[in-house]
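Hi,

Here is the structure I promised to pass on.

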Amino acid sequence: MSAATTRSRTPRTPRTPDRLCAEAVGLARDAAEEAAAPGVVGEHVEAVVEGDRVVTHLFECKDFGYRGWRWAVTVARASRAKVVTLDETVLLPGPDALLAPEWVPWSERLRPGDMGPGDLLPTDAEDLRLEPGYSGEEEPPPNSVFSEEMAELVEAEDAEVTAVSPAELPAAPARGSIAALADELGMRRARVLSRYGLHVAADRWEESHGAKTAMAQAAPASCVSCGFLAPIGGSLGQAFGVCANEFGPADGHVVSLAYGCGGHSEAAVMPTPSRPAAPVLDETRVDVLPLRPAPDSGSVPLVDTAEDLGHS
């Protein structure tokens with residue numbers, strides 16, 4: 001076995017700190033107090049060896065906003081030099097320091113209801129919930145104002161009635177776009193809900209105002225037969241609508257047709273519970289009650305015990 005292999009398998013021993021650097025606690029404290037506010041630097045915690053003739057002294061931080069943090073002052077000494085110099089002073093978190101949570105992108109932190117007036121929420125170009133609202137090739141029909149034939153005709157007509165050359169005129173685009181044609185026809189939505197977006201929205205609405213909610217389980221009937229249900233268009237209108245009952249718990253919300261509440265338009269009026277009649281006391285009638293019960297009022301007949309026993 002070679003010496004190199006023996007050294008690689010031998011466990012490393014901790015480095016011995018440089019004596020002058022380890023003893024430079026006062027220099028390190030002065031540097032920490034100069035960088036921090038008065039009275040913030042606490043007791044000396046430990047000295048950490050960073051390298052040959054490089055030691056970092058750690059001091060407690062007494063600042064209430066940085067509990068568990070430490071002032072780290074690194075000192076060094078040049079080779080064959082007898083003077084210890086200051087390297088850097090920083091504030092580092094200790095093992096029990098209170099740290100800020102890991103940074104999360106805003107797109108992952110956003111929750112429903114977080115947007116306020118004036119806030120803008122940009123949508124990713126590759127959002128799976130959306131798909132292009134236009135289909136087909138980006139080729140306009142022959143009779144379109146954006147077609148190549150119409151552009152040539154417009155240029156020729158302008159050349160006959162104007163005094164400038166056709167090259168100086170604003171030429172119409174030789175190749176139009178479906179988006180421009182759709183805008184002309186009133187179809188201004190560049191993207192629409194994809195199948196994935198429809199399913200996600202349906203699952204979200206079903207969970208908040210669906211048949212499995214506690215309100216729907218106790219309802220007298222479902223929303224499909226309620227007069228306060230405002231229907232919506234599109235494929236989602238086959239399973240959802242908008243509640244228009246101002247006294248209902250889902251007023252203005254998209255509800256499932258299987259949802260229901262106590263504000264159903266055809267809910268039966270619960271009858272008022274019957275009350276027993278007040279007792280009537282006849283104060284003019286007198287009931288005669290004996291003070292002692294009659295001898296023959298019991299369930300067992302009386303027997304003459306004297307004759308049975310032979311007494312006179």
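Predicted model: local features only at pLDDT ≥ 70, side-chain atom pairs only at ≥ 80, totals over all residues.

Let me start with Leu-121, which sits in the loop between helix 4 (106-109) and strand 5 (130-132). Helices (H or I, at least four residues) and strands (E, at least two) are DSSP runs here, numbered from the N terminus. With a relative accessibility of 40%, Leu-121 counts as partly exposed; buried means under 20% relative accessible area, exposed over 50%, and partly exposed in between (1.4 Å probe, protein chains only).

Residues are numbered from 1 along each chain as its sequence is written, and side-chain values use heavy atoms, with hydrogens and water left out.

Now the charged pairs. How many salt bridges are there? The count comes to 3, taking a salt bridge as a side-chain nitrogen of Lys or Arg within 4 Å of a carboxyl oxygen of Asp or Glu.

- Asp-18 and Arg-77 meet through their side chains at 2.7 Å, N to O. This pair links distant parts of the chain, 59 residues apart: Asp-18 is in the loop between helix 1 (3-9) and helix 2 (19-22), and Arg-77 is in strand 3 (residues 69-77). Both Asp-18 and Arg-77 are buried.
- Arg-70 bridges to Glu-46, with 3.5 Å between the closest N and O atoms. Since Arg-70 is in strand 3 and Glu-46 in strand 1 (residues 41-51), the pair ties together parts 24 residues apart in sequence. Arg-70 is partly exposed at 21% relative accessible area, and Glu-46 is partly exposed at 35%.
- Arg-19 pairs with Glu-23, the closest N and O atoms being 3.6 Å apart. Arg-19 and Glu-23 are both exposed.

Strand 3 comes up again in the pairing. Strand 3 and strand 4 (residues 84-93) run antiparallel and are joined by 9 bridges; two strands pair if DSSP finds at least two bridges between them. Arg-77, the salt-bridge partner of Asp-18, stands opposite Val-84 in strand 4. The hairpin of these two strands has 6 residues between them, and Arg-80 there takes a positive phi near 65°.

Further along, 3 strands make an open antiparallel sheet in the order 7-8-9. Strand 7 (229-231) and strand 9 (254-256) are the edges, each pairing on one side only. Strand 7 pairs with strand 8 (residues 240-243) over 3 bridges, and Ala-230 stands opposite Val-242.

Last, the cysteines. How many disulfides are there? The count is 0, a disulfide being a pair of cysteine sulfur atoms within 2.5 Å. The closest cysteine sulfur to that of Cys-226 is in Cys-223, 6.0 Å away and too far for a bond. For Cys-243 it is in Cys-261, at 5.8 Å, again too far. Cys-226 is buried at 14% relative accessibility, and Cys-243 is buried at 13%.

Cheers
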